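Subject: Structure handover

Dear colleague,

I am passing on the structure we spoke about, and my notes follow directly below it. Please read them alongside the model.

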Amino acid sequence: MASALSDKLSRLVKEMRGQARITESNVQDMLREVRMALLEADVALPVVRDFIARVKEKALGQDVVGSLKPGQALVGIVSKELAATMGEGQAELNLNVQPPAVILMAGLQGAGKTTTSAKIAKLLKERLKKKVLTVSGDVYRPAAIEQLKTVTAQAGAEWFPSTPDQKPLDIARAALDYAKKHYFDVLIVDTAGRLAIDEVLMQEIQSLHAFLKPAETLFVVDAMQGQDAINTAKAFKEALPLSGIVLTKLDGDSRGGAALSVKQITGAPIKFAGVSEKIDGIEIFDAERHAGRILG
Ligand code: GDP
């Protein structure tokens with residue numbers, strides 16, 4: 001892990017080599033660098049503070065004191081804690097309900113909900129042989145409905161039509177009826193997003209949630225969103241019982257600190273990572289690999 005660290009952090013590890021034990025003061029030095037690395041990766045400040053406090057407590061405990069290589073032991077603690085925090089929880093989709101299992105997609109406009117809906121449809125179809133239906137409740141943007149139609153076709157799944165003059169709840173009811181009648185295993189419901197948090201939008205998705213009783217409510221968040229991810233995550237967590245997170249655009253050049261922020265704020269497991277615009281660009285989230293990326 002040490003090789004993946006920033007130069008400064010690696011240098012501190014070297015400096016600490018040979019010291020018999022870790023002291024409060026050299027832990028402070030190390031943690032200052034870790035703090036910088038996290039902030040540079042765009043982890044939100046309150047989340048950084050919490051994380052550093054947890055690591056400090058562990059570092060000053062039994063694990064490090066008396067270790068032959070205290071610097072590396074400390075870095076080990078940081079990496080492990082980072083991976084443990086981000087990797088906590090059930091990564092797989094929970095679809096063990098009476099079919100059709102509903103997956104409700106939540107998130108801001110542009111986060112990647114529509115793209116991810118189709119990516120998940122394809123995964124479920126190909127890997128688990130599920131019969132998947134998608135539907136768009138985005139009645140504000142006709143283009144979004146068309147976009148879902150196009151990407152669903154690419155996924156080889158079925159798309160249920162909806163139009164801008166319908167109410168989202170009516171669309172959901174019709175799609176659910178259709179899915180039941182035609183024995184679909186999974187219904188993926190794409191929803192409207194706004195550019196910023198919006199009360200009306202939140203109420204709309206809450207009523208969709210109450211009606212659909214989804215097996216999974218996935219919060220889709222753009223990894224490039226950085227510091228702002230914390231506010232978006234807070235708003236969606238307050239509005240909905242989130243069952244999982246999808247972190248998109250990890251193919252971009254952000255260090256992906258949003259993962260730690262969003263995980264800490266929502267407490268929901270990070271289930272998938274979006275790694276390209278293409279329909280196959282989705283992976284099971286790998287917390288250990290991501291910890292290395294955040295530390296830079
Ligand atoms: P929505 O408004 O939440 O439904 O977002 P979209 O699914 O329309 O995605 C917004 C833009 O982000 C589109 O141009 C997508 O192709 C792109 N996008 C979504 N996920 C990813 C990803 O994982 N990586 C990259 N590079 N682009 C993505």
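Helix H10, which spans residues 258–266, is mostly covered, with eight of its nine residues buried (buried means under 20% relative accessible area, with a 1.4 Å probe and protein chains only; helices are DSSP runs of H or I with at least four residues, numbered from the N terminus). The buried residues of H10 include Ala258, Leu260, Val262 and Ile265, and also Lys263 and Thr266. After H10 comes glycine 267, whose phi is positive, near 75 degrees.

Please keep in mind that this is a predicted model, in which local features need pLDDT of at least 70 and side-chain atom pairs count only at pLDDT 80 or more, while totals for chains, interfaces and linings use all residues. Residues are numbered from 1 along each chain as its sequence is written, and side-chain values use heavy atoms, without hydrogens and water.

Turning to the ligand, there are 17 residues around it, of which Gly110, Lys113, Thr114, Thr115 and Asp251 come nearest (a residue counts as near if one of its heavy atoms lies within 4 Å). Helix H5, residues 113–128, gives the most to this shell, with four residues.

Oxygen atoms of the ligand also lie 3.4 Å from an N or O atom in the side chain of lysine 119, 3.3 Å from a backbone N or O atom of glycine 274, and 3.5 Å from a backbone N or O atom of valine 275. The protein covers 80% of the 580 Å² of accessible area that the ligand has on its own (Shrake-Rupley method, 1.4 Å probe).

Best regards

Definitions and conventions:
Buried means under 20% relative accessible area, exposed over 50%, partly exposed in between (1.4 Å probe, protein chains only). Helices (H or I, at least four residues) and strands (E, at least two) are DSSP runs, numbered from the N terminus. A polar contact is a pair of N or O atoms within 3.5 Å; within protein, one must be able to donate a hydrogen and the other to accept it, and residues adjacent in sequence count only if both atoms are side-chain atoms.
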